[in-house]
Amino acid sequence: MTPRKPLFFLSSLLVAYSLANNSPKHSSDKTASLPVHEELIAQLRETDAVIPPAPEGLPRGNMSNREAVIPPQCYTRHDQTYNACYVCHQAAIPGRENVMNDDDLQADYSFSDVGLANHWKNLFEDRSSRVEKITDEEITNYVNEDNYSELAGRLKEAEFKGWIPELANLQLGAEAFDEQGFAKDGSQWVAFQYKPFPSTFWPTNGATDDVMIRLAEPFRSNLEGSPCADTYRANLAIVEANLKGLSEITCLPVDEKAVGEDLNGDGELTTIHKVTRINQYVGSASKDRIETHLYPAGTEFLHTVRYLGIDDEGQIQPSTRMKEVRYMKKWRAYSKPVYGRQYELEGFEKEAGNLPAYMNLREHGLDNGNGWSISGFIESYNGRLRALTHEENFSCMGCHNSIGSTIDKTFSFPRKVDGAAGWGYLDLKGMPDVPTQGEQKGEIATYLERVGGGSEFRHNPEMLERWFKPDGSVDHEKIAQAKDVYELITPSRERALMLNKAYKCIVEDQDYIYGKDATVVPPKNVFQQVDNETTESLPADKQYRWNILLDWNRPPSLSRK
């Protein structure tokens, strides 16, 4: 099922920008006869410049896939039985800004003419022989290398004008943060614990990751405008409570005297661990307007996608090497009625058959038309990080703008462990498989049952062996015995090594625009071509309502009903 198209009322403002004024231009004689996107790939296989080449002309005109917002998973065969679409395509939930109402895409494929062909060609590549040639020692050494620390310096040297990742020692993962999740370098980034989104971001399917949030300076400052840790901790709790629609929330220790507000309603100013007054920010942000299920302007997210690191005991952990460094910033806060009108306009554009287009912010990435800019960095052919090309960045919009299940275009923070317990660097060990709100069984167990496998493509043999019976049904008794989320969704050492090798092949090829899924052999349950009229619909009894929010207070039921 395909995500709906993005907003187009800004399309008339699109400008023919290159990614950067100082990027090298394509001019190689040996690639001159290739299509522009293939010519660019050829150049990327030969350069590790931190700012990639940028073809001349309008960026969208040089794309190989104008429907790159449709991710590979949308071409999954459901066989009128299996539904991996429900976690993305959902009916609107009252009170939220996301009124895309795209739950009908669980039932039917609804592609534009361009989208009918599956452009994610890397899904159909057999990498078996290439993977076999990479030794375990070689790939282990590779993923343990640091490709992050030099990035900021290289970007400054290249006079890069976009956001620069400067969080110190981020390659070390948890060691870069204190016990409460605050970056040790004083940059005010805060790491948090969240349940990985099913199932692309399950480690068993190829990657580890982490996410950090940073609120704008007024949310970190007292009324006098000076930095104040207590103000910041209080506002982090207030933002979380409002995003999730909670009336109260536990918090990291907050000295109400430093804040100057009674935040728990007991009539005293003490050090508190719960905030009940969540209808107003504190400190310099106290006059900022609050709307539930929306972040305040200036909110930033930093997301690193990593290889499957393996420690000396064979345990899976985030690797030192990063596959990608992703960044989002909310530059402007819209009201819910404005969002509602934008979704309506988007529907008109879809019906008119218009293809996706986004404002190109050059080195600041792309504007999703809903207040956020999105940019990032990815490995060059030799593993050094570089800025994304236009088309590589374009594909981010499919998830961060064009599906109905997100809250203010985000995934991880709505899935954060509630309150004080959820601050700190991500650790899946000890995390229970709690249900999503409105469900009874654990979310992972539910997903396995509805999807019929451990990935959207149902192509993960290890997950089938671990959590399914020989007849293909989910082994709920075995799942109930799992200690935590870590045990449920992390791969064996052998599978981790294999997936790392498969992704390294894609890095060497630099053809990310054809897909980044770390497959060794082509998955079978994927369409290469879709016919909207003849492809069978998913029956109503296989379509589901789902909430991205988790019920952290409810233990998963072992019942199958």
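H293 counts as buried, at 9% relative accessibility; buried here means under 20% relative accessible area, exposed means over 50%, and partly exposed lies in between (1.4 Å probe, protein chains only). H293 has a positive phi of about 65° although it is not a glycine. This residue lies in the loop between β4 (271-275) and β5, where strands (E, at least two residues) and helices (H or I, at least four) are DSSP runs numbered from the N terminus. The model is a predicted one, in which local features need pLDDT of at least 70 and side-chain atom pairs count only at pLDDT 80 or more, while totals for chains, interfaces and linings use all residues. Residues are numbered from 1 along each chain as its sequence is written, and side-chain values use heavy atoms, with hydrogens and water left out.

A positive phi also occurs at Q80, where the angle is about 55° although Q80 is not a glycine. Q80 belongs to the loop between α1 (36-44) and α2 (128-133). With a relative accessible area of 33%, Q80 is partly exposed.

Strand β5 leads on to β2. Strand β5 (residues 300-310) runs antiparallel to β2, and seven bridges join the two; strands are taken to pair if DSSP finds at least two bridges between them. Within this pairing, T208 has R306 in β5 as its bridge partner. Strand β1 (residues 190-191) is likewise antiparallel to β2, joined to it by two bridges, and V190 stands opposite I213 in β2.

Strand β2 (residues 208-214) is mostly covered, with seven of its seven residues buried. The cover extends to both faces: T208, D210, M212 and R214 are buried on one side, and D209, V211 and I213 on the other.

The loop between β1 and β2 contains S199. A cis peptide bond joins P198 to S199, with omega at about -15°.

N147 is found between α3 (136-143) and α4 (151-157). Which residues does N147 touch, not counting those up to four places away in sequence? They are T320, R321, M322, E379, G383 and L385, contact being defined as heavy atoms within 4.5 Å.
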